[in-house]
Amino acid sequence: MQVTETRSEGLKREYKVVLPAGDLASRVENQLNEIRAKAQIKGFRPGKVPVAHLRRLYGRSIMAEVMQEAVNDANRKIVEDNALRLAGAPRIDLAKDEAELEKAFAAKADLSYVVALEVLPKIEVGSFDDVQVERLVADIPDSEIDDNVKKLAERNRPFTAKDGEVVAETGDKVTIDFVGKVGGEVFQGGSAEDVDLVLGSGSFIPGFEEQLVGLKPGEERTINVTFPETYGEASLAGKPAEFAVTLKAVAAPGELAIDDDFAKGIGFESLEKLREMLRASLDREASLLSRRKWKRELLDALDKKYTFDLPEELVTREFDAIWRQAEAELKASGRTLDDEGTTEEQERATYRKIAERRVRLGLALAEIGDSAGVKVSDEEVAQALYERARQYPGMEKQFVDFYRGNPERLAEIRGPLFEEKVIDYVLGQSKVADRHVSKDELVKLVEEAEKAAEEEAQKSLGPAA
């Protein structure tokens, strides 16, 4: 085998490889002899089938296997001898001359081809003394715990059915049937029966609950409301709606007792244990919210810290995945790029930048993690897999079996775990300044930071965007 490097530009490498016809012929001969020892062909005794006959029957298919194996061996040798770290699978370019290929296939001429490779960039990890991150820490006051206990108690407040001539009042729990229409047409999800609703809870569209006050059991009423502009279902947002409502029952609120008996009634040892759980939950929620902000800042810092050539194949693959998702989401929404006030060229430029950032950060984090010895254990992967499986009640086993039977799917779980561990490692090596804020301030600052990041990303694209 002869290997000659013909290109070394940036991350791209090309090698001309020549596999001698004699070596290919020898491999084929060895394969035929192995088959001869085992072949049972009508008209011949076992082990006595002439090699020439086997060559006529299997020669071409064996040569195909031999060539593939020889090419794979050559590729491995190129990678090992040159200590290459590949960014993707090698690309093989065979000779265009079919006559020459046919000769090589018959082992009458050497097989000559070019293998094109793209390698990963070399990344010097360095220290993280120059990385500065502000970490917001939300102080949860006792009053917020009190409010959450009260809300929980409200959701578990007992109600007693009202008898006789009664009307619905604010604070009562009513049972209703309703049919909703927009533009005179019944809309999906706008009708239901035997729905319990506490008047004044703000559970329904603004203006809906107030119009039920004064209604008697058995009475019907047409309620007119307007969906908020920010309503989750885009097709209903900002539109007027009409609901035909039938009141079926009214129940008066009972006494709201917040004590150990109440806590035990919902599964806690005491009111204090309930408060501890709520505080831990609120702290965890605030920590995750804070993480969104400082993680973004840390990734921004790493994006600026590391400058290196990006493997074109990885960027293209990432861009294609992002673009497919964007197209699918746009199609699902029933909108077009014109509706969004943009063009395909502008969107492609946007997503190309996103793809480049993801690849750059992915490579940097992988190098940092490897150099720091960051590992994700099988137990951690299993735990994350089971947590994800719980989202599919009744199908947990099938879900777990599917992922365990598909290594590439399992990598989708291991990858994010590794990334989060590396991010925590970098944070531990960086300069971190804790800033104590209220929960409301935390929410506001995170929203402002994310909005600013989006605007900055758009500006970085220049006039074309």
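1. Start with the second largest pocket. Strand S8 gives the most to its lining, with 3 residues. Note that this is a predicted model.

2. Two elements, helix H4 (142–155) and strand S8 (185–198), each supply at least two residues of that lining. The lining of the second largest pocket counts 14 residues. Nearest the centre lie Glu154, Arg155, Phe159, Val198 and Ser201. The space in this pocket is about 310 Å³.

3. Now the aromatics. The structure has 13 aromatic pairs. In one of them, the ring centres of Trp323 and Tyr351 are 5.9 Å apart and the planes stand at 65°, so the pair counts as edge-to-face. Trp323 belongs to helix H7 (residues 312–333) and Tyr351 to helix H8 (residues 344–372), so this pair ties together parts 28 residues apart in sequence. Both Trp323 and Tyr351 are buried.

4. Arg348 lies over the face of Trp323, at 4.5 Å from the ring centre. A second case involves Lys305 and Tyr306: the charged end of Lys305 sits over the Tyr306 ring, 5.8 Å from its centre.

5. Which residues form one aromatic cluster? The members are Phe178, Phe187, Phe204, Phe208, Phe227, Tyr231 and Phe243.

Notes. Residues are numbered from 1 along each chain as its sequence is written. This is a predicted model: local features need pLDDT of at least 70, side-chain atom pairs count only at pLDDT 80 or more; totals for chains, interfaces and linings use all residues. Side-chain values use heavy atoms; hydrogens and water are left out. On a 1 Å grid over the protein atoms alone, a cavity is a set of points where a 1.4 Å probe fits but cannot get out, and a pocket is an open set with protein on both sides within 12 Å along at least five of seven lines; lining residues have an atom within 4 Å of a point. Grid points are joined across faces, edges and corners, and a volume is the space filled by probe spheres set on the points. Helices (H or I, at least four residues) and strands (E, at least two) are DSSP runs, numbered from the N terminus. Rings of Phe, Tyr and Trp (its six-membered ring) pair if their centres lie within 6.5 Å; planes under 30 degrees apart count as stacked, over 60 as edge-to-face and the rest as tilted. Buried means under 20% relative accessible area, exposed over 50%, partly exposed in between (1.4 Å probe, protein chains only). A charge sits over a ring if NZ of Lys or CZ of Arg is within 6 Å of the ring centre and within 35 degrees of the ring normal.
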